[in-house]
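Colleague: Hi! Could you walk me through this structure in plain words?

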Amino acid sequence: MSSRENPSGICKDIPNLISSFVDTFVDYSVSGIFLPQDPSSQNEILQTRFDKPERLVAVGDLHGDLDKSREAFKIAGLIDSSDRWTGGSTMVVQVGDVLDRGGEELKILYFLEKLKREAERAGGKVLTMNGNHEIMNIEGDFRYVTKKGLEEFQVWADWYCLGNKMKTLCSGLDKPKDPYEGIPMSFPRMRADCFDGIRARIAALRPEGPIAKRFLTKNQTVAVVGDSVFVHGGLLAEHIEYGLERINEEVRGWINGLKGGRYAPVYCRGGNSVVWLRKFSEEMAHKCDCAALEHALSTIPGVKRMIMGHTIQDAGINGVCNDKAIRIDVGMSKGCADGLPEVLEIRRDSGVRILTSNPLYKENPYSHLAPDSKTGLGLLVPVPKQVEVKA
């Protein structure tokens with residue numbers, strides 16, 4: 001709308017309100033969610049270390065399955081039937097891999113963002129982390145994307161571009177940046193039915209892309225909560241020596257498009273990186289490098305366990321190396337193993353236990369862990385246990 005068409009200057013006086021309305025319209029059209037007001041600052045410093053809360057819940061890989069994601073939060077008593085936060089002051093850590101293998105990745109990102117804001121108001125906290133699949137997608141590696149995943153991002157791009165056009169009608173608002181700027185108009189050997197979805201996904205998730213910048217820059221890559229350190233793949237002593245805060249700051253800067261170009265920092269790439277490491281999460285416990293784990297943990301004061309996702313545990317959440325490595329990826333997504341959701345709970349007053357949705361345990365849905373177990377972390381139910389490996 002030009003100033004000639006709007007002599008009263010109303011639109012000029014309220015550009016931020018118009019922009020906010022358009023953003024809300026786009027968000028709801030994409031996700032079906034009205035996001036509460038964000039209580040945090042856009043330039044808030046990314047925190048790496050947190051005091052031990054009264055109650056801590058760890059959630060594994062979600063991989064584009066919204067129904068299973070909701071179920072995981074429900075069995076921990078964190079949300080009600082309308083997906084509203086009911087966790088009070090509980091702290092939640094989701095260890096990454098929201099993206100790939102499923103068709104509701106964006107909906108989960110919005111779902112988690114809503115819970116972050118609701119939890120903050122209730123005195124709780126929801127931390128989200130980068131997994132290897134977040135890193136891959138930001139780099140433009142879409143090997144594990146599904147057709148529905150491409151379609152979801154194409155729908156987002158259509159609404160996002162429509163929202164940008166709406167904003168250009170209001171004087172006083174800067175011209176929105178074209179999300180497709182610099183993306184090729186064609187790709188050799190690409191299937192025609194995937195072309196629009198691939199371009200939309202690149203636009204959304206590349207460094208400084210709208211979705212990457214809005215959601216993924218809030219992710220931690222490493223987090224220390226009380227006496228537990230969380231990471232998607234695993235930490236080696238060399239990563240800790242490099243600096244946990246430094247890792248978080250550099251990855252956030254890369255996602256924001258401030259440095260690093262297309263590719264992630266080196267400690268996020270390759271088999272020994274923080275998001276790809278499997279030294280402590282192999283299902284066969286005798287393959288776990290307990291000596292390397294002990295060395296790494298000894299360099300983080302006050303920390304006695306590492307909690308990680310990344311590698312599917314067919315037997316459910318479990319621990320090895322005297323429970324100093326706890327593995328929580330149960331492959332719950334239908335795009336993975338379609339496993340039954342389980343989450344890990346750590347209470348300050350009663351220790352560690354597994355909360356499971358397994359219907360075999362409906363009489364006792366809160367399956368306790370043996371507090372004085374000499375055989376390692378395990379359900380007090382007949383589930384195959386890992387063989388204990390001494391460091």
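Modeller: Happy to; we'll talk about a helix, an aspartate and some rings.
Modeller: This is a predicted model, where local features need pLDDT of at least 70, side-chain atom pairs count only at pLDDT 80 or more, and totals for chains, interfaces and linings use all residues. Residues are numbered from 1 along each chain as its sequence is written, and side-chain values use heavy atoms, with hydrogens and water left out.

Colleague: Okay! Why is helix 7 largely enclosed by the rest of the structure?
Modeller: Because 8 of its 11 residues, in the run 195–205, are buried. Buried means under 20% relative accessible area, exposed over 50%, and partly exposed in between, using a 1.4 Å probe and protein chains only. Helices (H or I, at least four residues) and strands (E, at least two) are DSSP runs, numbered from the N terminus.

Colleague: And what do the buried residues of helix 7 pack against?
Modeller: They pack against helix 4 (105–122), helix 5 (132–139), helix 6 (147–168) and helix 8 (210–214). Among the buried ones are Gly197, Ile198 and Arg201. Arginine 201 also lies over the face of phenylalanine 142, at 5.5 Å from the ring centre. For a charge to sit over a ring, NZ of Lys or CZ of Arg must be within 6 Å of the ring centre and within 35 degrees of the ring normal.

Colleague: New topic: where is aspartate 83?
Modeller: Aspartate 83 is in the loop between helix 3 (66–75) and strand 3 (91–94). Its relative accessible area is 12%, so aspartate 83 is buried.

Colleague: Which side chain does the side chain of aspartate 83 make a polar contact with?
Modeller: That of arginine 70, at 2.8 Å. A polar contact is a pair of N or O atoms within 3.5 Å; within protein, one must be able to donate a hydrogen and the other to accept it, and residues adjacent in sequence count only if both atoms are side-chain atoms.

Colleague: Is phenylalanine 34 buried or exposed?
Modeller: Phenylalanine 34 is exposed, at 56% relative accessible area, while tyrosine 28 is partly exposed, at 40%.

Note on methods
Contact = heavy atoms within 4.5 Å.
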